[in-house]
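Please look over the model shown below before reading on.

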Amino acid sequence: MSKYMFSIHQSSSTWRRTSLKTKKPSPPWCLWSVNCHSGPEVVLQPNERQGAHNNQVTKRHRKARSSCLPVLGCFDQQYSQELGDLWASARAVLLDPRSWQYGVMLNRFSTVTGITQLLQSQGFSMLLCNGPSTVSHSKYQAGKDSLSPPDHISKCPPNDSHLQPDGTSRALGQDLQSEPSLSSSRPTLQCYIHPCSLRFPSQAHRPGQLKQYYLLNAASLLPVLALKVRDGEKVLDLCSAPGGKAVAIMQCATPALLCCNEPDPHRRDWLAKTLESFLSQSLTSRVIVSAQDGRSFVNSEAGTYDKVLVDAPCSNDRSWLYCGSQQGEQRLKERARLPVLQAQLLRSALSAVRPGGVVVYSTCTLSSFENFAVVETVLNDCPEAEPEDLWEEIGIPLSKYFTFRSAHPGHGQTPHKPSLQPQDGPSSSYRHRLGILVIPQPGKTWGPMFLSRIRRRK
Ligand SMILES: C[S@@+](CC[C@H](N)C(=O)[O-])C[C@H]1O[C@@H](n2cnc3c(N)ncnc32)[C@H](O)[C@@H]1O
């Protein structure tokens, strides 16, 4: 049972925070460590209660699960058209949970001494690392959001061993020492991955102790990287539960405010538990939980935030493939309505962000109707919204680890408004600006994940 959860009631522009007792029994801890994008399957190791130092990383022996045939049939029809040959290999990955890889995101608010050595000894290497920049970049100007270098490439802390996204390895070495307090902790997003389907064990909850790491689909971190949160900013996580991306945001920077919004009460409990498990007590004034329908921010919070993340409710391909066939049929019926909701949420986010601020829209489906088409629809009726190219910033530097695609022909071939016409390149530059899609492939099983970054013009 969580000791408390925060609930936010909005009255005009002021927030009132109340402490509530959680009424429902806590969800199992094993689920809390897994991003919803990773699907529901979790294997607890027998010795996980002894803590991370004693944990063994084991090859997962997952029970064979049967896929939901109505969902698979629908995906086959749609995705073979949208992805061509890539669908066959993506399908093979999605239908083989034994091949799935898991990332380990370290928690900067906990004591993580020894975990990096343990990970490295098990064959994990650092995928992403952002922190204080020590490198000067001629091509980029520090302080300019749109031109600053990809943080995951340039800003690794000295004295830590990691693999750069370009594949070069740095001889570094020192583990992060105990840094539980906000004042002493450096904003540093660190995620380790393994080339095989090895899974670091989940951590048990211990009251009063922060978890040391969060297990996730590493592609879930890409929308957070695209958001580029900086210290002191006001950030809205519009669709926040179970809170994986909120935790990741807090690894990257120390915002003045992170508002985690989740309208579903059960999922909000889960979110509150996640925040309690990963964030230091000193952050409770900066991180708040809100319970609104995300679409209402269009009226209530106009122009308030520097950055907004819309990690939208979506088809969630991994999870849908393993639901029962009755549930699958039901979900497919409701699927057609998702793009409308997603576009409303994106419009609401664009209204909640200040002029010059940034919205990142993401989903964990391959469906172009919920991805590129939603972005294109919203851009067409929001003249103040300008899409930004993530291909160069994220797609190219991280292509060794993720399989990226931009919009397939049909999206972006006929831009609907002049401001979206490709000014300086082929039509592919317009398609890149609609967003990038991570497609699971053998050996790079991350995704599905779509991300698009949109700036509200000043
Ligand atoms: C993909 S999940 C978010 C995952 C989360 N960002 C994370 O990284 O852990 C989408 C969430 O949106 C929530 N949601 C559904 N309808 C919503 C709405 N109208 N406004 C805001 N959130 C909504 C769902 O309950 C769900 O928790």
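The numbered points below take up the ligand site, a pair of helices and some backbone details.

1. This is a predicted model, in which local features need pLDDT of at least 70 and side-chain atom pairs count only at pLDDT 80 or more, while totals for chains, interfaces and linings use all residues. Residues are numbered from 1 along each chain as its sequence is written, and side-chain values use heavy atoms, with hydrogens and water left out.

2. The shell around the ligand holds 23 residues, of which Gly244, Glu262, Arg267, Gly294 and Asp311 come nearest; a residue belongs here if one of its heavy atoms lies within 4 Å of the ligand. By type, the shell divides into 10 nonpolar, seven polar and six charged residues, where Ala, Val, Leu, Ile, Met, Phe, Trp, Tyr, Cys and Pro count as nonpolar, Asp, Glu, Lys and Arg as charged, and the others, Gly among them, as polar.

3. Helix 7 (244–252) and helix 12 (338–352) each give at least two residues to this shell, helices being DSSP runs of H or I with at least four residues and strands runs of E with at least two, numbered from the N terminus.

4. A backbone N or O atom of Gly244 lies 2.9 Å from a ligand oxygen, a backbone N or O atom of Lys245 lies 3.1 Å from one, and a polar side-chain atom of Glu262 lies 2.7 Å from one. Of the 600 Å² of accessible area that the ligand has on its own, the protein covers 90%, by the Shrake-Rupley method with a 1.4 Å probe.

5. Helix 12 also packs against helix 13 (residues 372–381), at an angle of about 50° and with the axes 9 Å apart, the axes being lines fitted to C-alpha atoms over the stretch in contact and the angles running from 0 to 180 degrees between N-to-C directions. Helix 12 and helix 13 are therefore oblique to each other, since angles under 35 degrees count as roughly parallel, over 145 as roughly antiparallel, 65 to 115 as roughly perpendicular and the rest as oblique.

6. Most peptide bonds are trans, and most residues other than glycine have a negative phi. Another cis peptide bond joins Gly447 and Pro448, with omega about 0°. Lys228 has a positive phi, near 50°, and is placed in the loop between helix 6 (221–227) and strand 11.

Technical notes. A polar contact is a pair of N or O atoms within 3.5 Å; within protein, one must be able to donate a hydrogen and the other to accept it, and residues adjacent in sequence count only if both atoms are side-chain atoms.
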